Amino acid sequence: MNAERDLAPLAPSVVRALNDKLYEKRKVAALEIEKLVREFVAQNNTSQIKHVIQILSQEFALSQHPHSRKGGLIGLAACSIALGKDSGLYLKELIEPVLTCFNDADSRLRYYACEALYNIVKVARGSVLPHFNVLFDGLSKLAADPDPNVKSGSELLDRLLKDIVTESNQFDLVGFIPLLRERIYSNNQYARQFIISWILVLESVPDINLLDYLPEILDGLFQILGDNSKEIRKMCEVALGEFLKEIKKNPSSVKFAEMANILVIHCQAADDLIQLTAMCWMREFIQLAGRVMLPYSSGILTAVLPCLSYDDRKKNIKEVANVCNQSLMKLVIPEDDEMDETKQSMTLPAEPTSQESLSKTEATSSSSLDASGDSNFSNSSVFTVTSSERIQVTLNLDGIVQVLDCHLHDTSIGMMTRIAVLKWLYHLYIKTPRKMFRHTDSLFPILLRTLSDESDEVILKDLEVLAEIASSPAGQTEGHGPSDGSDVRPGPVELHIPARTSQLSSSGTKGLECSPSTPTMNSYFYKFMINLLKRFSSERKLLETRGAFIIRQLCLLLNAENIFHSMADILLREEDLKFASTMVHTLNTILLTSSELFQLRNQLKDLRTPESRNLFCCLYRSWCHNPVTTVSLCFLTQNYKHAYDLIQKFGDLEVTVDFLTEVDKLVQLIECPIFTYLRLQLLDVKNNPYLIKALYGLLMLLPQSSAFQLLSHRLQCVPNPELMQTTDSTKPSTGFKRMAASNIDYTELLQHFEKVQNKHLEARHQRAGRAEQLDRRVVL
């Protein structure tokens, strides 16, 4: 190469020195270049200045020879020093070749590039800010450099650049954010540390409002929070903490909606620190943004609900999740039931479908977020909120119900989560009953299956939901009642209300719809009773272990008379006679022993009103499935003569061990406080002869057992045994007068009893025949 011709105005000696392998000679050449450029500056000879920079760049800094590249770097730094404040005019030409050397394979060359750029930036100061992105990009790569000298040099340059940004008010944050968003997803620890340090610096500058662009970098910050380095995690915690403080100070300017789904995703993180931090942010967002967060409720619930069942190892996360859940629930108001989704003047975006989310994800960069499967959000699907109080928000009830339904179907979730789901359903039925009844047919089967849960607390909450469904006035709205169409998701225990074209009989018994308290029930009440009995029938263990508990709680939540009236009505049509007998026995035990049924027992005790007499007739017809319970019902209602008549019929029945066991239990019940009035009536032998006869009838049925001795001793206490004869028919007793006034056809009831018992006898014979045939097949 002809140095004198090609590299003028640089002297040949300068060119040789720049190519020398010794640093000292290159330094001497740089001083000569500095002197030369100063002369050009004094002459205002810009063309020569540009030519010198171009030579140093093209012929030296970008040369294939390493020593030439080193000479070019020190020469460019000398040019910058010579230019002084005018270096800003040539920064692009000065910086680009130096940055190219940042990628050099030689670590010494990379170090010299850092040194050169440091001198260039130190001279230019604020003039380098238009080139900040390329400087930041180069530094972010050197931050992860394996050579400690290079890393040390880059740190000096980094500190200088931070000082310049801090003291300047001309930093282009808008232009910088895309680069920051890209670099924040680096997996290198040193690069992450570099990124966090810059975020902390930018946060500390009063004139730079990084909070406006937080949605762009929040996901990356949470990913860095999961770094293996404790130091980096601590730095990231500090950065996130500063952002959260700023959010609390200026909530009106925060873009809550754009960050909601980011938090939803990280609230489900496997890393405890990420999950706890995201959950704390979610708590603050819900409390600060209020109803702006409602459109994201399904995603929030997807993240929060599983945390409610965490054990003490994740106690902090559980507590924060509980606050999030409670706060979110309070955002649902009765007005949400009245809003028309199609007539909102301003609404937040609806949750996109999975296809929409996919298309938006493909359109964004690799750092874009996709929502979880339950919430179906994407980072690009939200809109900026400037004031939560001016936004009219529509509750996305469909999404919420879908999440709650999925959690109920998931058998692996914990008890506290199931309770929270049921509390949500109950809350929604209270606040938005009209909209919720659109989902009742799909929710009904899983709510019934939840009655088999192992936890009493879960069953109690489940019963509250079912009771609200059965009693809500919204359930009577036309079109929301139990559907018999194909659009209802069929369940294994689901039945629909049968057509009730006629009353049970013409004897005065009336159906459920005629009960005085029926107006508080709706069309789902009868469906609930049918399905509950169906579940008891298909799951006998549930009936044995929880049947009484469930029915007693329902009697507290709903009208006890309606419950017994409807169940008796349904059992009258029951084809499984064995189940009908067992169920009647269970209901009778509850009726006679439960404190929740005190009022109903008093209503039946006297049969003074038409309603109580109709209830007695309805119960009696179903109670006939079990002879002993029928007698106990007569004792409860003081129908002693009819009880005596029934016991007379027992001689025609098949007396089994189970039958005698039930008689034994009835004797035990007679000794309980519930029948105190009956025992006191034994003192009035004259007016209660059939009571004494009925008790003696039971005594004659019993074998010589403890129950026999108990009842025998009780009857021995009856005064004046010689008066135990039937009162003369011309002087009717008060008991006769009461029964006559009741207008109950006891003859017809007795016939019904015989008819039902004949069915049971026939059914037993059929079962015995089938068992015998099966035994024969086994023998053959």
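Visitor: Is C324 buried or exposed?
Guide: In this predicted model, where local features need pLDDT of at least 70, side-chain atom pairs count only at pLDDT 80 or more, and totals for chains, interfaces and linings use all residues, C324 counts as buried, because its relative accessibility is 1%. Buried stands for under 20% relative accessible area, exposed for over 50%, and partly exposed for what lies in between, with a 1.4 Å probe and protein chains only. Residues are numbered from 1 along each chain as its sequence is written, and side-chain values use heavy atoms, with hydrogens and water left out.

Visitor: And C717, buried or exposed?
Guide: C717 counts as exposed, because its relative accessibility is 57%.

Visitor: How many disulfides are there?
Guide: The count is zero, where a disulfide is a pair of cysteine sulfur atoms within 2.5 Å. C324 is in none, and the nearest cysteine sulfur to it, that of C267, is 6.5 Å away.

Visitor: Changing topic, where does S140 lie?
Guide: S140 lies in helix α8, which covers residues 132–142; helices (H or I, at least four residues) and strands (E, at least two) are DSSP runs, numbered from the N terminus. S140 is buried, because its relative accessible area is 6%.

Visitor: What does its side chain make a polar contact with?
Guide: The side chain of S140 makes a polar contact with the side chain of R183, at 3.2 Å. Such a contact is a pair of N or O atoms within 3.5 Å; within protein, one must be able to donate a hydrogen and the other to accept it, and residues adjacent in sequence count only if both atoms are side-chain atoms.

Visitor: Which residues is S140 in contact with, leaving aside neighbours within four places in sequence?
Guide: They are R183, A191 and F194, with contact meaning heavy atoms within 4.5 Å.

Visitor: How many helices and strands does the chain have?
Guide: The protein chain has 37 helices and zero strands, and 52% of its 780 residues count as buried.

Visitor: Where is confidence lowest?
Guide: The lowest is in helix α18 (residues 354–363), with a mean of 35, and the highest in helix α15 (residues 272–289), at 97; pLDDT is the predictor's confidence in each residue, from 0 to 100. Over residues 341–390 the pLDDT is below 50, although this stretch has 98 contacts in the model beyond near neighbours in sequence.
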